[in-house]
Amino acid sequence: MNAHVRRFPDIPALTEAALAAVARIARQAVAARGVFTIALSGGSTPMPLYAAMADRGLGAPFSSTVFFFGDERVVPVGDRRSNFGAIAPVLFTPSPIPVGNIHPMPVEVRPLEHAAETYEAEVREALGGVADGPPRFDLILLGMGPDGHTASLFPDRPALGETRRLVVAMEPPTTVEPRVARLTFTLPLLNAARHVLFLVGARGKEGPLAAALDGPPDPHVPASMVRPTDGELEWLIGEG
Ligand code: 6PG
């Protein structure tokens with residue numbers, strides 16, 4: 001696979017490298033297009049990165065940065081399992097980000113298919129691009145679960161074959177917690193990005209990591225199917 005893979009002794013070292021990568025991509029984006037569009041990942045691994053972004057900046061002015069979410073758990077924002085709820089106090093509250101630059105997923109909308117369509121329209125409107133193809137994020141951050149899932153694309157789900165929709169609703173996972181419904185970016189949107197950056201702590205994930213890095217794209221390991229068509233793919237792996 002044509003990915004840049006870097007390994008670090010622990011999460012603090014991975015976080016430093018991630019902050020440098022975000023800043024580099026953000027500077028390039030603002031220089032080229034005047035705006036930096038980023039999709040955030042849930043899970044625990046990127047939390048120190050979000051704190052560092054709030055504390056030390058992310059390479060672009062916050063006023064020129066537009067934040068989306070690559071996936072969300074369908075729970076109220078105040079629920080401890082909400083990705084937005086976990087990230088907001090760490091990154092958004094301490095930073096001078098115009099509120100219109102933050103795009104949480106609409107977890108309150110029903111049916112969930114409509115929530116997914118609403119968010120897809122929001123992505124298209126903010127990013128522009130061609131009407132029938134997927135728009136391009138400057139950067140999509142991703143993690144990987146011990147079952148090989150990424151964003152909320154779980155192993156062997158039909159949504160892995162999606163070719164048109166950019167955001168879909170997902171039934172609760174059976175392989176990992178929390179077992180709640182999700183909204184998630186699809187592969188066409190992930191693979192249209194200019195940069196995809198995986199942040200992964202290796203412990204307990206050795207099998208799917210090897211499959212994602214060394215194997216062919218495999219629906220049993222959804223992270224292995226993230227291969228940007230015309231963008232850069234980088235994996236930062238913390239061994240500690
Ligand atoms: C989510 C995620 C998910 C996450 C992985 C890794 O909302 O659950 O976005 O894809 O990135 O499960 O999570 P950890 O960093 O906690 O291992």
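Are Phe198 and Trp235 buried or exposed? Point 4 has the reply.

1. **The model and its parts.** This is a predicted model. The chain holds 6 helices and 9 strands. Along the principal axes, the C-alpha atoms fill a box of roughly 45 × 40 × 35 Å.

2. Of the 240 residues, 57% are buried. The accessible surface of the chain is about 10,100 Å². Carbon and sulfur atoms account for 55% of that surface. As for charge, there are 21 positive and 26 negative side chains. The centres of these two sets lie 2 Å apart.

3. **Links along the sequence.** Take the contacts between residues at least 6 apart in sequence. In this group, 73% join residues at least 24 apart.

4. **The aromatic pair.** The chain has 9 aromatic pairs. Phe198 and Trp235 make a stacked one, at 3.8 Å centre to centre with 5° between the planes. Phe198 sits in strand S8 (residues 195-201), while Trp235 sits in strand S9 (residues 232-238). The two are 37 residues apart, and the pair links distant parts of the chain. Now the opening question: Phe198 and Trp235 are both buried.

5. **An aromatic cluster.** Look next at four Phe residues. Phe67, Phe69, Phe84 and Phe92 form one aromatic cluster.

6. **Helix H2.** This helix covers residues 47-56. Its buried residues are Leu49, Tyr50, Ala52, Met53 and Ala54. What do they pack against? The partners include two helices, H1 (11-33) and H3 (83-92). Strands S2 (36-40), S3 (65-69), S5 (139-142) and S8 are also partners. After H2 comes Gly57, with a positive phi near 85°.

7. **Glu120.** Where is this residue placed? Glu120 lies in helix H4 (residues 112-127). Its relative accessible area is 14%. Buried means under 20%, so Glu120 counts as buried. Which residues does Glu120 touch, leaving aside its neighbours within four places in sequence? Glu120 is in contact with Arg165, Leu166 and Val167.

Methods
Residues are numbered from 1 along each chain as its sequence is written. This is a predicted model: local features need pLDDT of at least 70, side-chain atom pairs count only at pLDDT 80 or more; totals for chains, interfaces and linings use all residues. Side-chain values use heavy atoms; hydrogens and water are left out. Helices (H or I, at least four residues) and strands (E, at least two) are DSSP runs, numbered from the N terminus. Buried means under 20% relative accessible area, exposed over 50%, partly exposed in between (1.4 Å probe, protein chains only). Contact means heavy atoms within 4.5 Å. Accessible areas come from the Shrake-Rupley method with a 1.4 Å probe; for residues, only the protein chains shown count as cover. Lys and Arg count as positive and Asp and Glu as negative; His and the chain ends are not counted. The place of a charge is taken as NZ of Lys, CZ of Arg, CG of Asp or CD of Glu. Rings of Phe, Tyr and Trp (its six-membered ring) pair if their centres lie within 6.5 Å; planes under 30 degrees apart count as stacked, over 60 as edge-to-face and the rest as tilted.
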